[in-house]
Structures are given as structure tokens and as C-alpha cells.
Amino acid sequence: MAQDLRELCNTEGQDKRSTSMPKGHEARFLSKLEETFPEHSIKKSNSVLWRIAASIVILIGLGFTTFKYVNPTEMMPSDVVTQDSPSHETSLKSLGDVSPDLKKIEHYYLANINLELSKVKLTEDNKELFDGYVFRLAELNKEYKKLSLELTENGPNELTVSALIDNLKLRLNLLYRLKEQLGELNSSTETSSSKNIS
């Protein structure tokens, strides 16, 4: 059992050197390989892969461009409608912290406010009107944060909860009014442009 490793390696090496592949083995192997995987199919599959990769790159580019230039939230100030407070105010309580029913009410109003904001189409004609409403919404949002601070510091009471709900209602009503005025502005613009054409 105790053999010298050097002798064992020498005898193993000699055995491998003496065995060689039969003549023509490499040529037969290459011909079988060519039959199984012809070169033109490899080129064809590479071109298909390149086409798929190019299509994916184009789709990603189109998606990014669409998101960048058509995203309506870029037109909105960031502090108009917020559900979550900035990081330094994470301890502020909201209506949802008071009761589950109030949380449903809060989510209902915030969802409708965001929905109405997303429906607004900003143009050069309505930019001034839109900016006025955005300024009012920002003021109401600041007031909502103050009321949330009051709710956090003093605890829930009927006046604070009612004021928070009224604030949300007022913001939603402002957006309905903005939508109505934008509709009137668009119809008057269309009417005046049709009169100019005829």
C-alpha cells in the first residue's frame, strides 16, 4: 500500500502517452459536429438574438421617453397632494391612525384628488388658471399638515378630525371646480376658433 508517489506518477504518465487517438478521429469528429450544428444555423440564431435584443432596447427607450414626457405628475408640484409626510414628520398622525373608518374616508378623498389631478390636461391656454388652483391646493395641503400635527400633539378630538375631513372635501371640490372651468375654457376656445375659421 505504501508506494512512492513519484513512481506512481511516472507510470501513469507513461500509460497516457502511449495511448493515442486513431487516425482520422479529429476529422470524423468535426464532420459529425458540422452535421449536428451547421454553421449557417448558428449565424441565423445570432441574427435572431440581435433582432430580439434591439427590439427590447427600442421598447425600453420608448417606455422611458413616454414616461418622461407624458407623465402628468411632472407638471404637478410635489407638495399639492401628499399622503405620506416628509421624513422629518414621519411621526405625524393621520385620520387612518384614529380609526379604520376614518382611514377609509381619508383614502377615498386622497384617491379622488389624485385621480382628478391626473385627468387635468395642462396647456398654454389653461396654465394660469391651473397655477392658481395649484397654489390654493398647496395652501390647503399645508393646513392639512398643521391639522395632522395638532392631531399628533393633542390627540384625536371631534374638531380636529372634522377639520381634516373638511380640508380633504375642499381640495376635492376645488379640483371639480377646476375641471369645470377648464371645460368651459376649452369650449369657449373651440367656439372662438370655429368662428375664426368660418
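**Salt bridges, core and surface**

Modeller: Asp 131 and Lys 127 form a salt bridge, with their closest N and O atoms 3.1 Å apart. The term denotes a side-chain nitrogen of Lys or Arg within 4 Å of a carboxyl oxygen of Asp or Glu. Please note that this is a predicted model, in which local features need pLDDT of at least 70, side-chain atom pairs count only at pLDDT 80 or more, and totals for chains, interfaces and linings use all residues. Residues are numbered from 1 along each chain as its sequence is written, and side-chain values use heavy atoms, with hydrogens and water left out.

Colleague: Why are Asp 131 and Lys 127 separated by about one helical turn?

Modeller: Helices are DSSP runs of H or I with at least four residues, strands are runs of E with at least two, and both are numbered from the N terminus. Asp 131 and Lys 127 are separated by about one helical turn because they are 4 residues apart in helix α6.

Colleague: How many salt bridges does a search of the whole structure find?

Modeller: The search finds 2. Lys 179 also forms a salt bridge with Glu 116, where the closest N and O atoms are 3.5 Å apart. This pair links distant parts of the chain, since Lys 179 is in helix α7 and Glu 116 in helix α5, 63 residues apart.

Colleague: Is Glu 116 buried or exposed?

Modeller: Buried means under 20% relative accessible area, exposed over 50%, and partly exposed in between (1.4 Å probe, protein chains only). Glu 116 has a relative accessible area of 6%, so it is buried. Lys 179 counts as partly exposed because its relative accessibility is 41%.

Colleague: Which residues touch the most other members of the largest nonpolar core?

Modeller: A nonpolar core is a set of buried Ala, Val, Leu, Ile, Met, Phe, Trp, Tyr and Cys residues joined through side-chain atoms within 4.5 Å. The largest one has 24 residues, and Leu 95, Leu 168 and Leu 178 touch the most other members. Helix α7 (158-197) is one of the elements giving two or more residues to this core, and α7 supplies the largest share, 9 residues.

Colleague: What does Leu 168 touch?

Modeller: Contact means heavy atoms within 4.5 Å. Not counting residues up to four places away in sequence, Leu 168 touches Leu 95, Glu 106, Tyr 109, Leu 110, Ile 113 and Tyr 144.

Colleague: Where does Leu 49 lie?

Modeller: Leu 49 lies in helix α3 (residues 39-70). Leu 49 is exposed because its relative accessible area is 54%.
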